Amino acid sequence: MTQPTRRTLLQSGVAAMALAGLPRFAWAQEGGETETHGLSSFGDLKYGPDFKHFAYVNPDAPKGGTLAVQIKQAIGNQNFDTFNTLNIYVLRGDGAAGMSGTFDTLMAGSGDEPDALYGLVAKSIRISDDRLTYRFILRPEARFHDGSRLTARDAAFSLNVLKEKGHPIFRSILTQMASAEAEAEDVLRVQLSPERSRDLHLTVAGMPIFSERYWQGRDFEASTLEAPLGSGPYKVGRFEQGRFIEFERVPDYWAKDLPVNVGQNNFDRIRYEYFRDRTVAFEAFKNGTLNFHEEYTSRIWATGYDFPAVREGRVKKEEIPNESPVSIQGWYFNTRRDAFKDPRIREAIGLAFDFEWTNTNIMFGAYERTTSYFENTDMKAVGAPSPEELALLEPFRDKLPASVFGEPPVPPVSDGSGQDRRLLRRADELLRAAGCKREGGVLKLPNGQPFTIEFLDFQSALQPHTQPFQANLKRLGIEARSRIVDAAQYQRRMDEFDFDMASRSLGGSATPGDGLRIVYGSQAAQTPGSRNIAGIAHPAVDALIERISQAKTRPDLVIACRALDRVLRSGHYWVPMWYKAEDWLAYWDQFSRPETKPRFGSGAPGIWWYDAEKAKRIGRG
């Protein structure tokens, strides 16, 4: 359920790397087609056609026990605080955690590689010479949970229904899929548009597979608390709407012995608990209601783990280095609002956030400042543009600020006082240059209206960080306030782009591609429910995303990403927050794990297993 696959789309959990050192495997040639056991962005695969399991798993890991966690990553319509539907692949409703584990995909990913997929439902793939036709050869043993055969008709139905009726994210990324049809019970033919992006075949191979027969007579776009028929390693067990949902391991899961699954899906039950308050959630971990916890709050990490179970060794606390691209987190402006259309105003607001003070006084110095949209990778723009970057940027010179063609903008380093007068003076100058006027203690926009900003959120965890930021905005004459709403209202307002500023964390990718359209593309800016919450709509951004998605080599990809980074950073579409290049994990000492972790990510808890002896030792057996 937690194995790295393309299911997560924008959060692939892998880091940028050069592939020159990886082996290449010969592919069979037949009738103008190439047959292969795996796919990747640039044709490199670590594992050969006869591999038995991934190198970082324990193939003999026992099955058993319960993993109790919170939802930490969301796809489709999933909500971190509640759920009212078990269909996570449409726009309507708040989707339940964990549902992706009930559906198989054509292929599954490896935690050792940035973009490789290997056969799951599909045992092999035949690719036309022009790379526009993909024939997925399905395994005849593939089965849904009711015992019915999973066929190419089901796979074709799934791709087509997601393209036509799925959540806007899925509709967007499948736009360039021209057709999907069953040529035989075990042959799925997918035709891609000539304008296809480089990684569209990977996206197709990572889509969930639904039962066509199950959905006949049902409304795919409707919310439902009936678990849709799946074929994955888990199926829905007990749940209470908005409070918890359990998944039961399928003991006779048809694919349990395939190489991509060996040593994984080890827990008999996975239970997701919902809490609207982080403090309450942490108390649930302390009392054992949750037994695995990934910490994101530096204050709690530094001061909150002095409780009896930690002191007695029953709860373990670890910091594990992570080579994956970091999440891109910040306060995003809604540039659809007139108040935020001028980049000088956006830049001025960013100057009011004192990261140095915040990091020292609130976050125990645990973080580094995010400066790039490709932070912690070689795709981050540094220094003046290279000749190759300039070649991509020059056609848009008259539409881009001069800063794109020089050193990329970086957030200023403050004096750490919390109210750096030099930076606030610079902010005031930018606001005045943009046509704002100060009348007493009130800053007025060029249209004469008082400048007010509402920071929208569904929880209060960021209030200690936001309030000093808002105090500095007040010093500039801007009335800034927070609005905390319930999770369902928050999601609706974000889907409808009904906000001024909001924080968002977007997962990084080692091999950016089509997913960038969803986050930064012009079409997504106008699509309700898209991840382009900032409303970025710029021809240079669209052209660079196209260049990235069409890159044929990793060096070409890196160059295009650096150029895009320059354009986005010069647009001041956000106030960047912070990151750390490690995972903070805490867990009750009732698990064991392989000696080797995957190169990209900690592997926790997806390749861990319940250890009955350890559990007994700490009184939880």
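Cysteine 436 is buried, at 3% relative accessible area (buried means under 20%, exposed over 50%, partly exposed in between, with a 1.4 Å probe and protein chains only). This is a predicted model, where local features need pLDDT of at least 70, side-chain atom pairs count only at pLDDT 80 or more, and totals for chains, interfaces and linings use all residues. Residues are numbered from 1 along each chain as its sequence is written, and side-chain values use heavy atoms, without hydrogens and water.

**Cysteines**
- Cysteine 561 is also buried, at 0%.
- The whole structure holds zero disulfides (pairs of cysteine sulfur atoms within 2.5 Å).

**An open sheet**
- Three strands line up as β14-β25-β15, with antiparallel pairing (strands are DSSP runs of E, at least two residues, numbered from the N terminus; two pair if DSSP finds at least two bridges between them).
- β14 (292–294) and β15 (315–321) are the edges; each has a single partner strand, so one side of each lacks a neighbour in the sheet.
- Three bridges join β14 to β25 (residues 582–588).
- Glutamate 294 stands opposite leucine 585 in β25.

**Backbone spots**
- A cis peptide bond links alanine 604 and proline 605, with omega about -10°.
- Proline 605 sits in the loop between β26 (591–592) and β27 (609–610).
- Arginine 131 is not a glycine, yet its phi is positive, about 60°. Arginine 131 lies in the loop between β7 (122–128) and β8 (133–138) and is partly exposed at 34%.
- Asparagine 265, also not a glycine, has a positive phi of about 55°. Asparagine 265 is buried at 7%.

Notes. Helix = DSSP H or I, 4+ residues; strand = E, 2+ residues; numbered from the N terminus.
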